[in-house]
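Here is a short note to read beside the model. Please keep the structure open and find each residue as it comes up.

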Amino acid sequence: MYLRVLSFDDVDHPYGDEDEAALEAEVNGNWTPQEKALHEARLKAKAKRRVRKSSSRSESLSESLSGELADGDSYSSKGKVPVPNDRKSRTGKGRGLPKKGGAGGKGVWGAAGMVYEVEEPDAKDPNYDEVAQGDTVYATVVPEVDERELEKTVNPIVREYFEHGDTKEVQMLLKELNLGHHKYEFSSLAVSLSLEGKASHRELTSRLLRDLVGKVLSDSDMARAFDKILKELPDLMLDTPEAPQMLGQFIARAIADHALPMAFLDRYKGKVDCDHARAALDRAAVLLSMKREMVRLDNVWGVGGGLRPVKHLVKEMNFLLKEYLVSGEVKEAERCLRDLEVPHFHHELVYEAVVMVLESKGDTAVKMCKLLQAFWKIGLITVDQMNRGFQRVYDELPEINLDVPHAHSIMESFTDLCYQESVITKQLRDSCPSRGRKRFVSEGDGGLIKN
């Protein structure tokens with residue numbers, strides 16, 4: 001059987017004449033039918049590659065010629081050097097536009113300016129179940145605050161609350177956070193921060209705990225918070241040695257404010273091994289037994305700064321000055337004034353001190369001048385507060401003169417003494433009102449001088 005392999009009219013043969021004759025002789029000679037079929041397939045594949053190669057050469061040549069005639073058409077990219085950052089097709093196919101209209105690429109969700117709207121469930125979806133689907137609810141999911149990030153999140157809220165004192169704002173911020181099962185730790189962190197602060201901070205913390213119970217925190221959350229603080233007392237004492245006594249006051253105030261259940265202390269009877277925790281619980285029990293008839297231990301933290309009524313602050317300053325006149329202790333008076341935590345109200349102390357000088361006798365003027373001088377030197381009373389206190393007395397001097405006939409002369413001598421001790425300025429001393437001189441000639445006496 002004779003097989004003709006291939007014959008091409010427009011393409012060169014893959015082999016020469018001698019090779020072809022030798023192959024035909026071998027095919028007609030000793031090859032099996034399978035070998036013959038394999039050989040024929042190889043020859044056909046090689047011929048196709050030869051034809052494809054020659055056709056691509058002719059096509060690229062024609063396109064390059066047409067590109068030159070078209071003055072460098074950018075869409076005919078075959079045979080040209082690719083331009084850097086060129087997003088056009090390298091194969092010469094398509095219109096040369098960016099892939100996916102510029103919306104493709106890693107990390108890209110769509111084209112620039114595209115706004116995605118809420119998609120409604122598709123009823124034609126094979127997984128759509130009308131009975132089980134129900135109403136579609138879209139809600140904002142707030143992730144739970146991690147335990148490691150809890151302190152960084154809570155501390156700014158508490159410190160800001162110490163400045164404004166608005167418990168409602170703290171409630172709003174806590175509702176926006178998802179504290180999860182770490183919600184009780186907010187109370188323990190707030191108490192720990194207040195232990196390192198001032199008495200006014202502890203008063204604000206007690207009010208915050210009272211207002212959070214029933215709205216953001218529960219009684220059990222508050223109990224867990226104080227349980228944690230009792231366990232951390234040895235560490236808290238490193239920075240605040242008085243932590244056990246303060247914690248006992250916190251517990252007593254919380255129970256009185258109904259923020260802690262009354263059975264909180266009963267749970268620890270005979271079950272406390274730490275001496276510091278036992279001291280805190282004993283302190284709370286003593287305070288509750290002394291104030292059992294009171295609804296709240298309002299004065300457990302003393303005077304709460306500017307949050308207290310003005311009448312109460314005036315009363316405290318009067319008591320401070322009277323105690324100083326008896327004892328003469330400047331340091332004790334300084335400590336009491338600092339504990340009031342009302343630097344904006346120190347002009348009231350200056351006013352009360354000057355009025356006491358006008359209404360009293362003896363060496364009161366010298367003692368008060370010494371006290372004001374001490375407060376002035378350490379910067380406890382500023383120049384603005386000092387001037388304001390004296391100016392208030394100047395304005396009310398006519399009324400004071402009704403009760404103290406010699407008020408003008410006493411005021412002049414006291415201002416001179418304060419100026420000599422560098423307590424007040426020369427301008428303030430000169431602005432002191434003086435009583436008008438008595439007229440010796442009357443209009444109706446005809447110019448006669450009175451005896």
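Is Asp275 buried or exposed? Asp275 is exposed, with a relative accessible area of 54%. Here buried means under 20% relative accessible area, exposed means over 50%, and partly exposed lies in between (1.4 Å probe, protein chains only).

1. Ground rules. This is a predicted model: local features need pLDDT of at least 70, side-chain atom pairs count only at pLDDT 80 or more, and totals for chains, interfaces and linings use all residues. Residues are numbered from 1 along each chain as its sequence is written, and side-chain values use heavy atoms, with hydrogens and water left out.

2. The partner of Asp275. The side chain of Asp275 meets that of Arg278 in a salt bridge, at 2.8 Å from N to O. The term means a side-chain nitrogen of Lys or Arg within 4 Å of a carboxyl oxygen of Asp or Glu. Both residues lie in helix α11 (residues 275-290), three residues apart, about one turn of the helix. Helices are DSSP runs (H or I, at least four residues), numbered from the N terminus. Arg278 is partly exposed, at 34% relative accessible area.

3. A pair in α13. Glu332 forms a salt bridge with Arg335, and their closest N and O atoms are 2.5 Å apart. Helix α13 (residues 330-340) holds both, three residues apart, about one turn of the helix. Glu332 is partly exposed, with a relative accessible area of 31%. Arg335 is partly exposed too, at 41%.

4. Arg253 and Glu203 meet through their side chains in a salt bridge (3.1 Å, N to O). This pair links distant parts of the chain: Arg253 sits in helix α10 (residues 243-256) and Glu203 in helix α7 (residues 199-212), 50 residues apart. Both are buried. The structure holds 15 salt bridges.

5. Two packed helices. The axes of α4 (residues 147-164) and α5 (residues 167-176) come within 9 Å and cross at roughly 160°. Axes are lines fitted to C-alpha atoms over the stretch in contact, with angles from 0 to 180 degrees between N-to-C directions. The two helices are therefore roughly antiparallel, a label for angles over 145 degrees.

6. Who touches whom? On α4, the contact is made by Ile157, Glu160, Tyr161 and His164; on α5, by Thr167, Glu169, Val170 and Leu173. Contact means heavy atoms within 4.5 Å.

How values were computed: Angles under 35 degrees count as roughly parallel, over 145 as roughly antiparallel, 65 to 115 as roughly perpendicular and the rest as oblique.
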